[in-house]
Amino acid sequence: SLTWSNPNLQLIHRFGHTATLISDQVYLWGGQGDDPETPAEELFSTLGAMEVFDTQSQSSQLGTTVGTPRSHHSAAAYQGKIHIWGGLSSTNLNLNTLEIFDVQAGTWSLGATGGTPRNQHTATVYGGKMYVLGGVSTNQFGDDTLDVYDLETGQWTSHPGMGILRYGHSAVVIDGAIIIWS
């Protein structure tokens, strides 16, 4: 039987953020909203704040706040690291920068810049690669470029997409295939 609970443990109310699960921890990062450190006149500013929700204790705490504040970005987990790519900067510019958060060390590092700058896209990890598809680029809504980041070599490659323009969609890997819902 399905049950819903709403423990209301989120410390920062936000939208356009990501939530990434590693072990028993959910890492909420970025987005726009009301960071407790933000003055009231900047309520919907772009955030660089991380919040960590522990699924076992059902409690939240503020995490390491570093990295470029961004919203409508993607975050993908790979080998204990969260790869945060793209999105909108605090000045509403599309980004194509990659920042990596090492969960165990609690440190941030820069990854290779690459791919088509965009927001509202998906990034899905499969077979040691991160596949970035769709989104809003500077050229159009529903970018059709497929950018692939090799998580082992740190190299970007671009490929033609599916010929279907989409943004604000979702994607997941099922039985070795990336399934996209729009």
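This is a predicted model: local features need pLDDT of at least 70, side-chain atom pairs count only at pLDDT 80 or more; totals for chains, interfaces and linings use all residues.
View 1. I174 sits in strand β18 (residues 170-174); strands are DSSP runs of E with at least two residues, numbered from the N terminus. Together with V172 and W181, I174 forms a nonpolar surface patch of about 270 Å² accessible area. Such a patch takes residues with over 30% relative accessible area and no salt bridge, nonpolar side chains being joined within 5 Å.

**View 2. W156 and its ring partners.** Rings of Phe, Tyr and Trp (its six-membered ring) pair with centres within 6.5 Å: stacked under 30 degrees between planes, edge-to-face over 60, otherwise tilted. W85 and W156 make a tilted pair, 5.5 Å centre to centre and 45° between the planes. W85 belongs to strand β9 (residues 81-85) and W156 to strand β17 (residues 156-160), so this pair ties together parts 71 residues apart in sequence. Y149 and W156 are also tilted, with centres 4.9 Å apart and planes at 45°. Y149 is buried at 5% relative accessible area, and W156 is buried at 17%.

**Notes.** Residues are numbered from 1 along each chain as its sequence is written. Local features need pLDDT of at least 70 and side-chain atom pairs 80 or more, while totals for chains, interfaces and linings use all residues; side-chain values use heavy atoms, without hydrogens and water.

Conventions: Patches are made of residues with over 30% relative accessible area and no salt bridge: like charges are joined within 9 Å, nonpolar side chains (Val, Leu, Ile, Met, Phe, Trp, Tyr) within 5 Å. Accessible areas come from the Shrake-Rupley method with a 1.4 Å probe; for residues, only the protein chains shown count as cover. A salt bridge is a side-chain nitrogen of Lys or Arg within 4 Å of a carboxyl oxygen of Asp or Glu. Helices (H or I, at least four residues) and strands (E, at least two) are DSSP runs, numbered from the N terminus. Buried means under 20% relative accessible area, exposed over 50%, partly exposed in between (1.4 Å probe, protein chains only).
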